[in-house]
Amino acid sequence: MIRSLTMGLCALSFAACGAMAHPNEGGHGSTVAALPVGTCMNMGNMLEPAQEGSWGGAPIVAADFARIGAAGFDTVRIPVRWHNKTSQEAPWTVDEAWMDRVQTVVDQALAADLNVILNSHHFDPIHEDPLAVAQWHGAVWKQIAERFAGYPEDTLWFELENEPHGQFDHSNLLATLTPALEAVRATHPTRAVIVGGENWSGIDSLATLPLPDDPNVHPTFHYYDPFVFTHQGAGWVGPDIPPPGRTFPTKEDRAQLAEDVEKVRAYVARTGKTPFMGETGAYDRHISTADRAAYHRTVREAFAPTGIGMCVWAYANTFPFWDRDSGEWLPGMRASLGLAEED
Ligand code: GLC
């Protein structure tokens with residue numbers, strides 16, 4: 001998860017390559033309306049493990065969305081693992097029970113008047129051999145698109161793949177996502193589609209993020225900076241697990257945050273598109289709730305003048321806002337997002 005800049009290259013096999021607004025062209029003719037993400041909650045670690053429930057926690061139920069809506073959130077992002085729920089060769093049929101389960105959860109969220117970002121998360125093979133896996137990934141999106149035909153466009157949005165990393169980078173991003181985008185566009189010509197960049201979609205990926213020439217494709221990035229603070233003691237990021245004890249913000253952290261906000265401003269000025277922060281958060285194992293709340297407040301207040309939406313990580317099963325044991329929102333976490341603390 002160390003982020004470095006790689007220059008984006010227009011993938012040769014991408015049909016729309018010539019028409020694409022290349023990130024390095026500079027300037028833009030018009031400004032595209034931002035997705036109204038607003039204040040957004042990730043339903044993290046729920047539908048994204050290999051099997052629902054296998055990372056602990058509890059399954060999503062309708063009451064979760066009612067609670068999230070009542071707290072004042074506008075949007076939920078629902079991370080879903082698909083690659084192990086399909087047949088292993090064309091036409092890569094998605095297990096019907098899984099598609100039904102995802103549809104039930106999306107329906108519950110929409111019924112609670114929340115906007116929904118439905119994604120593909122942890123499609124592991126795509127990060128190892130992106131172009132070889134692109135048709136499989138596209139076949140999954142064809143089935144998702146078919147299942148959600150007729151759903152409201154203003155409140156259900158598709159995010160093609162979470163956090164490209166490994167071999168999946170800006171040199172092949174568009175070519176890899178083309179089958180998925182074409183599958184979605186065949187039945188949803190104008191629905192919002194979301195694309196994040198290489199290196200785990202860190203903020204520096206915005207500078208070279210290639211997007212297709214499509215006004216309804218929206219950019220996203222993730223913000224866990226400084227990573228040595230937010231992921232201290234996080235075993236899953238090994239082998240270099242940041243040691244516990246790092247505090248936030250240092251003087252350097254404040255300067256970095258201000259620079260990062262400028263990166264968003266520069267992106268909007270250059271492309272006319274407003275990205276949103278699809279994930280941000282701090283791991284609770286070694287960081288107190290008060291310090292986690294302070295992190296969220298600091299990040300939110302810094303980026304607020306840009307007008308971007310922000311999705312916090314996460315509801316209850318990891319980096320929690322809602323405490324299952326006590327049946328309460330953790331103190332100060334909603335206030336850190338500018339929401340009321342009363343129930
Ligand atoms: C990414 C991972 C998710 C993890 C989170 C925080 O979204 O996909 O599994 O919990 O980042 O590290």
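Guide: A residue is called buried under 20% relative accessible area, exposed over 50%, and partly exposed in between, with a 1.4 Å probe and protein chains only. The model is predicted, so local features require pLDDT of at least 70 and side-chain atom pairs count only at pLDDT 80 or more, while totals for chains, interfaces and linings use all residues. Residues are numbered from 1 along each chain as its sequence is written, and side-chain values use heavy atoms, with hydrogens and water left out.

Helices (H or I, at least four residues) and strands (E, at least two) are DSSP runs numbered from the N terminus. E5 runs parallel to strand E4, residues 156-159, and two bridges join them; strands count as paired if DSSP finds at least two bridges between them. Within this pairing, Ile194 of E5 has Glu159 opposite.

Strand E2, residues 75-78, shows a corresponding arrangement of its side chains: Thr75 and Arg77 point one way, Val76 and Ile78 the other, and all are buried. Its parallel partner is strand E1, residues 39-42, to which three bridges join it. Met41 has Val76 in E2 as its bridge partner. Strand E7, residues 276-280, is mostly covered, with five of its five residues buried. E7 pairs in the parallel sense with strand E6, residues 217-223, over four bridges. There, Glu279 in E7 is the bridge partner of His222.

The helices are considered next. The axes of H4, residues 130-147, and H5, residues 173-187, come within 7 Å and cross at roughly 15 degrees. H4 is therefore roughly parallel to H5, a description used for angles under 35 degrees, whereas over 145 is roughly antiparallel, 65 to 115 roughly perpendicular and the rest oblique. The axes are lines fitted to C-alpha atoms, for helices over the stretch in contact, with angles from 0 to 180 degrees between N-to-C directions. On the H4 side, the contact (heavy atoms within 4.5 Å) is made by Pro130, Leu131, Ala134, Gln135, His137, Gly138, Trp141, Lys142 and Ala145. H5 contributes Ala175, Thr176, Leu177, Pro179, Ala180, Ala183, Val184 and Thr187. By class, the contact of H4 with H5 has 11 nonpolar, five polar and one charged residues. Here Ala, Val, Leu, Ile, Met, Phe, Trp, Tyr, Cys and Pro count as nonpolar, Asp, Glu, Lys and Arg as charged, and the others, Gly among them, as polar.

H4 also meets helix H2, residues 96-111; their axes come within 11 Å and cross at roughly 50 degrees. This makes H2 oblique to H4. Glu96, Met99, Asp100 and Gln103 of H2 form the contact with Gln143, Ile144 and Arg147 of H4. Two nonpolar, two polar and three charged residues take part in the contact of H2 with H4.

Helix H9, residues 289-303, packs with H8 at an angle of about 40 degrees, their axes being 9 Å apart. The two helices are therefore oblique to each other. From H8, Arg254, Leu257, Asp260, Val261 and Val264 meet Thr298, Ala302 and Phe303 of H9. The residues of this contact of H8 with H9 divide into five nonpolar, one polar and two charged.

Arg254 lies in H8, residues 251-271, and counts as exposed at 52% relative accessibility. Apart from neighbours within four places in sequence, Arg254 is in contact with Pro249 and Thr298.

Pro249 belongs to the loop between H7 and H8, and a cis peptide bond with omega of about -5 degrees joins Phe248 to Pro249. The loop between H7, residues 227-230, and H8 also holds Pro239. Gly238 and Pro239 are likewise joined by a cis peptide bond, with omega about 10 degrees. Most peptide bonds are trans, and most residues other than glycine have a negative phi.

Asn45, which is not a glycine, has a positive phi of about 65 degrees. Asn45 is found in the loop between E1 and helix H1, residues 62-71, and is buried, with a relative accessible area of 14%. Glu163, also a residue other than glycine, has a positive phi near 40 degrees. Its place is in the loop between E4 and H5, and at 10% relative accessibility Glu163 counts as buried.
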